[in-house]
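Subject: Structure for your review

Hello,

Here is the structure to be handed over, followed by notes on what was found in it.

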Amino acid sequence: MGEAPEIQLQILAEKDKLDENSVEQEQQTNESIGQLKTITRQRTYKWWLLMAIYTFFSLSGSSMAVLLGRLYYDKGGNSKWLATFVQVAGFPILIPLYYLSSYKSANHNTTTSNSTTNPPSVLVLSAMYSGLGVLLAADCLLYSVGLLYLPVSTYALICASQLAFNALFSLFLNSQKFTPFIINSLVLLTISSALLIFQNDSSDSTQVSKGKYVIGFVCTVAASAGYGLLLSLTQLCFEKILKKQTFKVVMDMVIYPSLVATLVILVGLFASGEWKSLGREMEGFKLGKASYVNVLVWITIGWQVCWVGVVGLIFEASSLFSNVISTLGIPIVPVLARVFFQDPMTGIKAISMLLAIWGFVSFVYQHYLDEFRLNSETGNV
């Protein structure tokens with residue numbers, strides 16, 4: 001019987017320890033929730049700033065490059081391979097930025113070297129960049145053929161179909177969830193592109209035969225499908241292979257595939273024999289030799305700015321979000337084409353543009369709902 005008080009004292013001591021542990025756990029939980037709120041709030045501000053920068057890069061770069069590409073063809077340019085080459089060959093201008101990002105990434109890794117993720121092997125990285133580069137080269141060639149045979153406004157609106165293709169690939173490769181607003185967006189953008197099949201472009205700035213128009217249409221749709229696949233594969237590589245969140249990773253994904261694509265396109269340029277006529281093409285350019293070089297240089301710069309924006313949007317959000325932002329540029333190009341190339345704004349084009357804008361707004365609203373739900377869960381509303 002004398003042991004009973006001792007047992008009671010032990011039970012009381014253990015109870016006090018449990019109470020202390022529960023208090024500590026509650027404090028740790030509250031601290032974790034506070035940290036999560038802070039991180040989410042910081043992510044919101046920083047994320048929207050980065051998204052705004054990448055969006056500006058994507059829209060401004062692509063709009064400038066497409067319009068100058070149409071100018072190249074209209075004023076005497078005729079080389080499909082050269083038009084393809086300038087879409088990817090501007091990556092050297094990003095090298096200073098690349099080394100700056102590499103330096104910052106190295107300093108960050110030395111201060112926070114607690115990552116347990118093993119980096120991918122050189123063989124895996126080489127295969128990844130090579131595959132993406134070859135796909136990028138083929139896609140750019142198809143886009144060049146489409147822009148050669150189509151008016152710039154029609155070309156830009158057909159490119160809206162890339163969003164539907166990207167959504168399909170994202171479903172299988174990136175486990176993209178589809179909501180009614182996303183489905184509505186995809187349907188509207190698909191109809192927007194399909195309407196242009198019935199467009200009569202006989203009065204547009206580009207006078208081509210019906211057969212070449214069909215070739216341009218098919219190549220542009222095929223390029224849009226390839227672009228959607230490229231974006232989904234890029235997101236897949238970020239998630240499954242690279243597994244890092246640094247700006248250097250974005251630069252890697254822009255520069256190395258561009259390098260591979262440049263080499264592939266150079267082989268095509270020399271194999272096709274088009275390089276032999278480039279001198280005559282420069283001589284016969286309607287705006288002069290200096291303008292010929294300037295147009296090609298600025299096309300190159302425009303596409304590189306665009307690629308940084310596109311890949312950055314994939315890195316920060318998703319391939320589908322990046323494609324939606326690209327689709328936002330669709331209303332911009334036809335308006336600018338009306339100003340600079342006198343492409344008529346027909347009724348079909350106007351309806352197609354309105355449907356594209358409607359589809360874009362539907363997708364952005366879904367993203368707003370997702371962001372609002374995230375803030376509600378973390379108490380930042």
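Leaving aside neighbours within four places in sequence, which residues is Met 253 in contact with? They are Met 128, Tyr 129, Leu 132, Thr 234, Cys 237, Phe 238, Leu 242 and Val 311, where contact means heavy atoms within 4.5 Å.

The model is predicted, so local features need pLDDT of at least 70 and side-chain atom pairs count only at pLDDT 80 or more, while totals for chains, interfaces and linings use all residues. Residues are numbered from 1 along each chain as its sequence is written, and side-chain values use heavy atoms, with hydrogens and water left out.

Met 253 is also among the residues with the most contacts inside the largest nonpolar core, together with Tyr 72, Val 152, Phe 238 and Trp 307. This core has 86 residues. A nonpolar core is a set of buried Ala, Val, Leu, Ile, Met, Phe, Trp, Tyr and Cys residues joined through side-chain atoms within 4.5 Å; buried means under 20% relative accessible area, exposed over 50%, and partly exposed in between (1.4 Å probe, protein chains only). Helix H11 (residues 289-316) supplies the largest share of the core, 13 residues. Helices are DSSP runs of H or I, at least four residues, numbered from the N terminus.

Leu 136 lies in helix H4 (residues 122-149) and counts as buried because its relative accessibility is 5%. Among the residues that Leu 136 touches are Val 88, Pro 257 and Trp 307. Leu 136 and Pro 257 are 121 residues apart in sequence, yet 7.4 Å apart in space, C-alpha to C-alpha.

Regards

How values were computed:
Helices (H or I, at least four residues) and strands (E, at least two) are DSSP runs, numbered from the N terminus.
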